[in-house]
Amino acid sequence: MGIGQRCVVHGRNGPVLGEVVGIDARGTHVLPFGTWDGVSAGDAVELSPLGGEVRPDAAWIGRVVDALGRPLDRRGALHEGPQPRPVRAAPPPAFDRRRIGARLETGVKAFDIFTPLCRGQRMGVFAGSGVGKSTLMAMLARRSEADVIVVGLVGERGREVQDFIQEDLGEEGMKRSVIVVSTGDEPPLMRRQAAWTATAVAEHFRDQGLQVLLMVDSLTRFAMAQREIGLSSGEPPTSKGYPPTVFSELPQLLERAGPGPEGAGDITGIYTVLVDGDDMNEPISDSVRGITDGHVVLDRRIAERGRYPAVDLQKSISRMLPDCHSPAEYAVLQAARRILAKYYDMEELIRIGAYRQGSDAETDAAIRFFEPAERFLTQRKTESASADSAFAQIYRLLGEAGVEVTLPKEEAG
């Protein structure tokens, strides 16, 4: 019996599926996928070949399943594919992967202009509670250019699952999505496996040659589940109580997304991080930033003044730039970032009335640009805009504010 193996404990209330999480001098440590109710000392334990794999199929699109791949949506049995797929798998070898692909349009103006997403990229979305992560995920699922959307809700509040599916995602998003759900009251093995299962489902569709958008909400709850598992098996707590396995499990999970090998599709990954106390440097945030190919920060102050999605444009970055944009688009982006940075540098003086108009031409242009830009970047979850139209509008706003944009010569003509 080894770590990670599944077993069945035969208690008086029926069999309980468990997993071996540790072996030491005291014996073998097993955690349940359910509860230990009815289990007592002396009950028989036997190894189980089941539970470590799922059988995704095209019929799963539009369905809601749990972390073990069982249907939750009360729409009958789930058709299983012919090939089993392990929920915990190795990523494609580095030299077998293609390079990151072309830009994937999301329909979200702040994303498409300031933090563009490319096919096969992995992006982290960092935010405190109640700042709009779920709504942003729903916007991306509704409008992104992907063949299949796989959403992993890890440790989600039970009452919010239906809200996300029916209100945020809606029929439009659901018709090309597979939702994997593990609620916060479930055991840590189920919460951890929800992220693994969602990734395994995404890998299935990638291997069919499809473009897959994988969204996991949230990595923080995945890490918390692994913390419970690690501590229960005797691991020492390290940074903020997280044991070492947390920081080894995160890259193993995230590396499974990305460009596929030749002949396959890509998995574009979006992973949310629930920032503890709005501290962007807490251990999980710090670790995820070092693994992903960019990060988007949602700021509570921006949400409080009514701009949604509440993306902090100065703190958010895509590592696919400048290649993800055309030369002209990148010139527009640089001009917009520069003038917004000027406004934020002077914001306090402007708000208290200490800045006098006419003192600095660039600051005057930043003031003229800021409010129209805020209105432009505000989107309802049902709204969408193409990247071309978004760039055209921001370019027009820059011109109206008197901001010079140095376009490449071939574009300027």
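Tutor: Let us begin with how elements get their names: helices, of at least four residues, and strands, of at least two, are DSSP runs that are numbered from the N terminus. Please keep in mind throughout that this is a predicted model.

Student: With that naming in hand, where is K240 found?

Tutor: K240 belongs to the loop that connects α5, residues 219-232, with α6, residues 244-254.

Student: Which residues is K240 in contact with, once its neighbours within four places in sequence are left aside?

Tutor: They are R227, D276, E282 and P283.

Student: P283 makes me curious about the helix it belongs to. How many of the nine residues of α7 are buried?

Tutor: Seven of the nine residues of α7, which spans 283-291, are buried, so this helix is largely enclosed by the rest of the structure. The buried residues are P283, I284, S285, S287, V288, R289 and I291. Among the elements that cover them are β8 (122-127), α5, α6, β13 (266-274) and β14 (294-297).

Student: How should I read a sheet, and in what order do the four strands of the open sheet stand?

Tutor: In general, strands of a sheet pair through backbone hydrogen bonds, and the pairing is either parallel or antiparallel. Here the order is β3-β2-β1-β4, with antiparallel pairing in an open sheet. The edges are taken by β3 (27-32) and β4 (45-48), each of which has a single partner strand, so one side of each is left without a neighbour in the sheet. From one strand to the next, the twist averages 45°.

Student: How many bridges join β2 to β3, and what lies across these strands?

Tutor: Six bridges join β2, residues 14-24, to β3, and the two strands run antiparallel. As one instance of how residues face each other, I23 stands opposite T28 in β3. Lying across β1 (6-11), β2 and β3 is helix α4, residues 188-207, which runs at about 85° to β2.

Student: How do I read a nonpolar core, and which residues have the most contacts inside the largest one?

Tutor: The idea is a set of buried nonpolar residues joined through side-chain atoms within 4.5 Å. The largest core has 63 residues, and M215, F369 and L398 have the most contacts inside it. Helix α9, residues 327-351, gives the most to this core, with eight residues. Apart from this core lies another, of 48 residues, including A202, V212, V246 and V275. To return to L398, its contacts beyond the neighbours within four places in sequence are V332, A335, A336, I339, F369, V403 and V405.

Student: And how are aromatic pairs described?

Tutor: A pair of aromatic rings is described by the distance of the centres and the angle of the planes. A search of the whole structure finds four such pairs. For Y242 and F247 the centres are 6.2 Å apart and the planes stand at 75°, so the pair is edge-to-face. Y242 is buried, at 4% relative accessibility, whereas F247, at 27%, is partly exposed. Y344 and F370 also form an edge-to-face pair, with 6.0 Å centre to centre and 85° between the planes. This pair links distant parts of the chain, since Y344 is in α9 and F370 is in α10 (361-377), 26 residues apart. Ring pairs also link Y343, Y344 and F370 into a cluster.

Student: Which rings have a charged end sitting over them?

Tutor: The charged end of R227 sits over the ring of Y242, 4.4 Å from its centre, and that of K109 sits over the ring of F376, 4.5 Å from its centre.

Methods
Residues are numbered from 1 along each chain as its sequence is written. This is a predicted model: local features need pLDDT of at least 70, side-chain atom pairs count only at pLDDT 80 or more; totals for chains, interfaces and linings use all residues. Side-chain values use heavy atoms; hydrogens and water are left out. Contact means heavy atoms within 4.5 Å. Two strands pair if DSSP finds at least two bridges between them. Axes are lines fitted to C-alpha atoms, for helices over the stretch in contact, and angles run from 0 to 180 degrees between N-to-C directions. Buried means under 20% relative accessible area, exposed over 50%, partly exposed in between (1.4 Å probe, protein chains only). Rings of Phe, Tyr and Trp (its six-membered ring) pair if their centres lie within 6.5 Å; planes under 30 degrees apart count as stacked, over 60 as edge-to-face and the rest as tilted. A charge sits over a ring if NZ of Lys or CZ of Arg is within 6 Å of the ring centre and within 35 degrees of the ring normal.
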